[in-house]
Amino acid sequence: MSGANGPDAPALRILAGYSPDERGGDALALAALVLRGVTAPRAVADVRLTVANVHPPAWPARGPGSVDAEWVGYLKDRAHDALERAAGRLAELNVPRSRTDLRVHAHRGSGRGLAEVAAATGADLIVIGSAPRGRRGRVVIGSTADQLLHGSPVPVLLAPRGYAACAPDQFERLTVAYWRRPDADGPVEAAVRTARTLALPMRLVTLVLRPPGLAARFRNADDVMARQVAQAERDLADAAARLGDAAGDGIAVRTEAVAGTGITKALAAVDMLPGELLACPSSHDGPLRKVFLGEGSGKIVRAAPCPVLVLPRGAAGAFA
């Protein structure tokens, strides 16, 4: 990237999955926030938002009396009506109509359908809301998210349930869940470029997990945890140093090691701003260049009190 709106400044394509319910509204609110964050620093040459509604396809065999054609027509009409509602909501969110596209797509799986739309539109990021059942203020993984979190070729940004009702005016910071491992640098560098694109300060956080009952099994349990925290702090310092020039001018990188019994309690001890954005790498056991939610990353996603950006394994670019 040569500079704001320079000749080498990239274009950015955002895809939001929309359904005419709370999760659709949450996805639009989060996508609008990303769009606002990208256009404010003008770090890209052009940014567009595609809003897609995925509806079921036609039956495999044609029904009698053109019933199948009528059914498909009904599904398409309902999808277009949903997107008109989405357009109205985006206008309320002050998203320029000139930056948005509306798209209807047929697929049996909504997540896999969004992945197809992402490929067709060249999307750099997929934004979705949480499933309608579950704790408000937390990410709830339903079938759409599950499909995307086990195979999306681009990063997936998930809104907590009810996010539209309490969304901040802007992002304030990007926090990256970090563990030292051989393939950690790619996602961290991608997160740095994301922070630069959104003009956000950045924080690397390592959760140091205290096994339940540790004190009963080891006489010097506190010393063991202190050494683990100290090692995590050294690893974080090394990671921040390796970022070097990738951080770019004006991007502050902080580090923090937090101890707790289990991921949920440790993450609860991490201070989060109202405009926090949490980035989480995919499992190192997943396929390269794909999003794959592992056990640890899955717990982070479900415990986070803010939007979560899940990066593909080996990610190397802003939102990618």
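Predicted model: local features only at pLDDT ≥ 70, side-chain atom pairs only at ≥ 80, totals over all residues.

Guide: Gladly. Contact means heavy atoms within 4.5 Å.

Visitor: What makes up the protein, in helices and strands?

Guide: There are nine helices and 10 strands. An open sheet of 10 strands runs in the order E3-E2-E1-E4-E5-E10-E9-E6-E7-E8, and its pairing is mixed.

Visitor: Why are E3 and E8 said to stand at the edges?

Guide: Each of them has a single partner strand, so one side of E3 and one side of E8 (253-260) are left without a neighbour in the sheet. On average, neighbouring strands of this sheet are turned by 25° against each other, direction ignored.

Visitor: What makes E1 and E2 a pair?

Guide: Two strands pair if at least two bridges are found between them. Strand E1 (residues 11-17) and strand E2 (residues 46-55) are joined by seven bridges, and they run parallel. Therefore E1 and E2 meet the cut-off for a pair. One of the partners to look for is arginine 48 in E2, which bridges to arginine 13.

Visitor: Why is threonine 100 called buried?

Guide: Buried means under 20% relative accessible area. Threonine 100 has 5%, so the word buried applies. This threonine belongs to strand E3 (residues 100-106). Leaving out residues up to four places away in sequence, threonine 100 touches Arg48, Leu49, Leu90 and Val95.

Visitor: Is alanine 221 buried or exposed, and how do you know?

Guide: Its relative accessible area is 3%, under the 20% limit, so alanine 221 is buried. Alanine 221 lies in helix H7 (residues 221-243). The C-alpha atoms of alanine 221 and arginine 210 are separated by 9.3 Å, with the two residues 11 apart along the chain.

Visitor: How do cysteine 166 and cysteine 280 get their labels?

Guide: Exposed means over 50% relative accessible area. Cysteine 166 has 58%, so this cysteine is exposed. Cysteine 280 is at 1%, under 20%, and therefore counts as buried.

Notes:
Residues numbered from 1 in each chain as written. Heavy atoms only, no water. Helix = DSSP H or I, 4+ residues; strand = E, 2+ residues; numbered from the N terminus. Buried < 20%, exposed > 50% of the residue type's maximum accessible area, 1.4 Å probe, protein only. Axes fitted to C-alpha atoms, helices over the stretch in contact; angles between N-to-C directions.
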